[in-house]
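Hello,

Here is the structure I promised to pass on. Please open it first, then read my notes below.

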Amino acid sequence: MAAPTTPGTGSSIVTITMNPALDVTTDVDLVVHTDKMRCSPARYDPGGGGINVAAIAHGLGASVSAVFPAGGPIGERVAALVADAGVLVHQVAIAGSTRESLTVNERSTGRQYRFVLPGPTLSADEQSDCLALLRSAAAGADFIVASGSLPPGVPPDFYQRVADICSESGARLVLDTSGAGLHHITSGVFLLKPSVRELRECVGRALLSESDQLDAAHELMARDCAEVVVVSLGGDGALLATADADYRFPAVPVPISSGVGAGDSMVAGITVGLSRGWPLDEAVRLGIAAGAAMLMTPGTMPCTRDNIEGLFAVAPKPVDVAAVTF
Ligand SMILES: Nc1ncnc2c1ncn2[C@@H]1O[C@H](COP(=O)(O)OP(=O)(O)OP(=O)(O)O)[C@@H](O)[C@H]1O
Ligand SMILES: [Mg+2]
């Protein structure tokens, strides 16, 4: 795909993250109550769905910018870490303080404890500033990725407003959200990436079989929630539902260090594939490889291009579902 020429960003992929976080990761022998637990030195990563996607997409060689609200010293730290990762930062300064998220790895059991704070309340003006910054960054971008939770104060139809901006600018929207954010989408999304858990919650059914999962994906497409839907199935890979055909993508088996961020990494891989002008099925296969690569890195540490490309080389080709399920 041709390099973008917009003077505003020069980025072919723009992500938006309404509730970023400073991800703090540490280790302790055993998690206990009351007593102090002496932890190993912390690792600090910028976090929040769109920011994670931006870092991995940049690692894959895409030109990426990230729009996000940030405030207080933690917000400044997040913005600096995103910039250090090579991503162009479009920060909306806010009155509240950006949140921290704490992940504690318990060495004796291999368990992981994740403490996630709600994030600051965003005023109506701050939300408008985010949308205005997105509008200018989106001009000339090929893809917008909206990912992650909405913080307090942001209405559940916020992502529909993001979709409207994409429709105006001609950029294609990749959306990864759950719950109310998903329920309020009525138009303008190119690709939706629910996990099967999120899809189940969205349609209110158990979705035990593959055909149930594909029916639910097509139901969302019929409601104009998205043009195509990628249902991620954890260790079982993913399904791709399109208007013409449905595909099953086996997972790439990998040794798992941490399950954190597989979905974000998958979205990054898919979007980078699309931004290279690849067919949808190859882009999803890059997403499968990127999701698996993220499982091999500890905690919130991003996976590398070499990891992803190594797994992409061995990721199985998808199967056309109609061709095997008479
Ligand atoms: N155990 C695993 N082995 C190999 N690949 C995996 C595994 N878990 C996840 N993946 C890859 O990462 C992709 C995304 O993972 P998953 O379906 O768990 O999404 P998620 O967005 O992280 O989930 P959720 O949002 O519900 O926490 C999967 O489609 C798969 O390709
Ligand atoms: Mg997810």
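An oxygen atom of ligand 1 sits 2.8 Å from a polar backbone atom of Gly237. Keep in mind that this is a predicted model. A polar backbone atom of Gly263 is 3.0 Å from an oxygen atom of the ligand. Lys193 makes its approach through the side chain: an N or O atom there is 2.9 Å from an oxygen atom of ligand 1. Taken alone, the ligand exposes 620 Å², and the protein buries 78% of that.

Now the shell. Ligand 1 is surrounded by 19 residues. Lys193, Ser195, Ser232, Gly234 and Gly237 are the closest. By type, the shell holds 9 nonpolar, 7 polar and 3 charged residues. Three helices each supply at least two of its residues: H6 (196–203), H8 (262–275) and H9 (280–295).

Next, the chain as a whole. It has 11 helices and 14 strands. Along the principal axes, the C-alpha atoms fill a box of roughly 60 × 45 × 40 Å.

How much of the chain counts as buried? The figure is 51% of the 326 residues. The accessible surface comes to about 13,600 Å², and carbon and sulfur atoms account for 55% of it. As for contacts with a separation of 6 or more, 67% join residues 24 or more positions apart.

Best wishes

Technical notes
Residues are numbered from 1 along each chain as its sequence is written. Chains are lettered from A and ligands numbered from 1 in the order in which they are written. This is a predicted model: local features need pLDDT of at least 70, side-chain atom pairs count only at pLDDT 80 or more; totals for chains, interfaces and linings use all residues. Side-chain values use heavy atoms; hydrogens and water are left out. A residue is near a molecule or strand if one of its heavy atoms lies within 4 Å of it. A polar contact is a pair of N or O atoms within 3.5 Å; within protein, one must be able to donate a hydrogen and the other to accept it, and residues adjacent in sequence count only if both atoms are side-chain atoms. Accessible areas come from the Shrake-Rupley method with a 1.4 Å probe; for residues, only the protein chains shown count as cover. Helices (H or I, at least four residues) and strands (E, at least two) are DSSP runs, numbered from the N terminus. Ala, Val, Leu, Ile, Met, Phe, Trp, Tyr, Cys and Pro count as nonpolar, Asp, Glu, Lys and Arg as charged, and the others, Gly among them, as polar. Buried means under 20% relative accessible area, exposed over 50%, partly exposed in between (1.4 Å probe, protein chains only). Contact means heavy atoms within 4.5 Å.
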